[in-house]
Structure formats: C-alpha cells, structure tokens
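Morning, everyone. Please take a look at the structure on the screen, and I will walk you through a few spots.

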Amino acid sequence: MIHVAIVEDDPEDTKMLRSYLEEFEREADERFSVAEFTDGLAFIGDYRSKYDLVLMDIDMPHLNGLTAAKKLRKVDENAVIIFVTNMAQYAIRGYEVDALDFLVKPVTQPQLYSKLRKALRKIKNAQNKKLFLCTDESVRCISVRDIRYIEVREHLLTYHLGGEDITVRGQMDKVESELADCHFYRIY
C-alpha cells in the first residue's frame, strides 16, 4: 500500500485529485491510503514519517506549500513530493526541497497518471532494495522491506527480519547511509 497525502486548500481540487487516484488504483492495480489536509500547517503540525507520496499545493493559507515542504524535509527526506499548483513561476523552487515534479492546475488525468507512474517507480525502487550481509558462515541477500529494525551492540549489527535475526559485524553509520532512501530512521 502506498500512503498518499493531499495537501490542498481548494475542496474541488482535492476531490478531483482523490478521484484520479481512485481511478489510477483500479487501472494500475495499486492500493493507496489517502489522507487530506487543507493547509501546510495542518499537514506538518504533527507529521509522522508515514507518507510515501505528497501531492501539495503551493498557494495555501497559514503555511504555504514550499515552507511546509522545507519543514517536511527536516523530518522526512524520503517522501516523494509533487507540487500541484496554479503558480508555475514557483515550481522551479521545488528543487530546493527535492520535489520529484510539479503539475500546473487545472490538472488533467493523463498528466497526473504520468507523474504517479514516475513517483511509484521511485517509491518501489526504495522498497525493493537488497542488502548483502556477510555473516561468519555465508553471504546473505535480504530485501530491505523485510527488515523490521536493526540494533547494534559492540560493533555487531543484528537485522531483525520478522521470523529471523541475522548478526554481522558492521557500523550503524554505514547502514544508516545505505538505508537513507528507504524510510528507516535512527533512534537512540
């Protein structure tokens, strides 16, 4: 399931984006969990790193989309951002927050579908990433999506994979950089 946030102050635009997402789900055999926010402040206020894709307007009350995206990047480097705006002159500033792309309103279904396919490729590449772990006995290939969490004790990293644990020598800093684009976060 792909978690999507629509951050849009115009109810008609929100309704249209949701409708296009629902149609795309059926046509592309994808599943979306969609949350809606009416402004950047409502979106970023109690943000948790749970969205894979953010469709964000730029011109909104309380907190505009560019500022909200900058705040988002401080807590989530991996969410794919697509700006949906009537302010094309600000679209170039999307690169400041590593936005994947932008759409100029009024958005058409083919335009959104094209951007969704691009976003899904990026999201799925991160989800399908593989790691090679060198244990004392062998080299193991694991899928990043199977990792529940990793713990470190005395230079030994234990990868918890649900039903199996694999322990290898290593450094958490190296693993953290390898998994930077895969929705993993280091806690202390």
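Start with P106. P106 sits in the loop between β5, residues 101–104, and α4. What kind of peptide bond joins K105 and P106? A cis one, with omega at about 0°. For background, most peptide bonds are trans. One thing to keep in mind: this is a predicted model.

Next, another loop. E154 lies between β8, residues 149–153, and β9, residues 156–160. Phi of E154 is positive, near 50°, and E154 is not a glycine. In general, most residues other than glycine have a negative phi.

Now to the helices. Two packed helices are described by the angle between their axes and the distance between the axes. Take helix α1, residues 11–28, and helix α4, residues 109–127. Their axes come within 10 Å. At what angle do they cross? Roughly 60°. An angle like that is neither roughly parallel nor roughly perpendicular, so α1 and α4 are oblique to each other. The crossing of α1 past α4 is right-handed.

Who makes the contact? From α1, we have L17, Y20, L21, E23, F24 and E27. From α4, we have Q109, L112, Y113, L116, R117 and L120. Sort the residues of this contact by class, and you get eight nonpolar, three charged and one polar.

How many cavities of 30 Å³ or more does the structure hold? One. The largest cavity contains about 50 Å³ of space. Its lining is F83, A91, G94, Y95, A99, L100, D101 and F102. Six residues in that lining are nonpolar, one is polar and one is charged.

Last stop, the largest pocket. About 310 Å³ of space lies there. α5 gives the most, with three residues. By class, the pocket lining has eight nonpolar residues, three charged ones and no polar ones.

To recap, keep three places in view. There is the cis bond between K105 and P106. There is the right-handed crossing of α1 and α4. And there is the largest pocket, where α5 gives the most to the lining.

Methods. Residues are numbered from 1 along each chain as its sequence is written. This is a predicted model: local features need pLDDT of at least 70, side-chain atom pairs count only at pLDDT 80 or more; totals for chains, interfaces and linings use all residues. Side-chain values use heavy atoms; hydrogens and water are left out. Axes are lines fitted to C-alpha atoms, for helices over the stretch in contact, and angles run from 0 to 180 degrees between N-to-C directions. Helices (H or I, at least four residues) and strands (E, at least two) are DSSP runs, numbered from the N terminus. Angles under 35 degrees count as roughly parallel, over 145 as roughly antiparallel, 65 to 115 as roughly perpendicular and the rest as oblique. A crossing is left-handed if the near helix is turned anticlockwise from the far one by less than a right angle, and right-handed if clockwise. Contact means heavy atoms within 4.5 Å. Ala, Val, Leu, Ile, Met, Phe, Trp, Tyr, Cys and Pro count as nonpolar, Asp, Glu, Lys and Arg as charged, and the others, Gly among them, as polar. On a 1 Å grid over the protein atoms alone, a cavity is a set of points where a 1.4 Å probe fits but cannot get out, and a pocket is an open set with protein on both sides within 12 Å along at least five of seven lines; lining residues have an atom within 4 Å of a point. Grid points are joined across faces, edges and corners, and a volume is the space filled by probe spheres set on the points.
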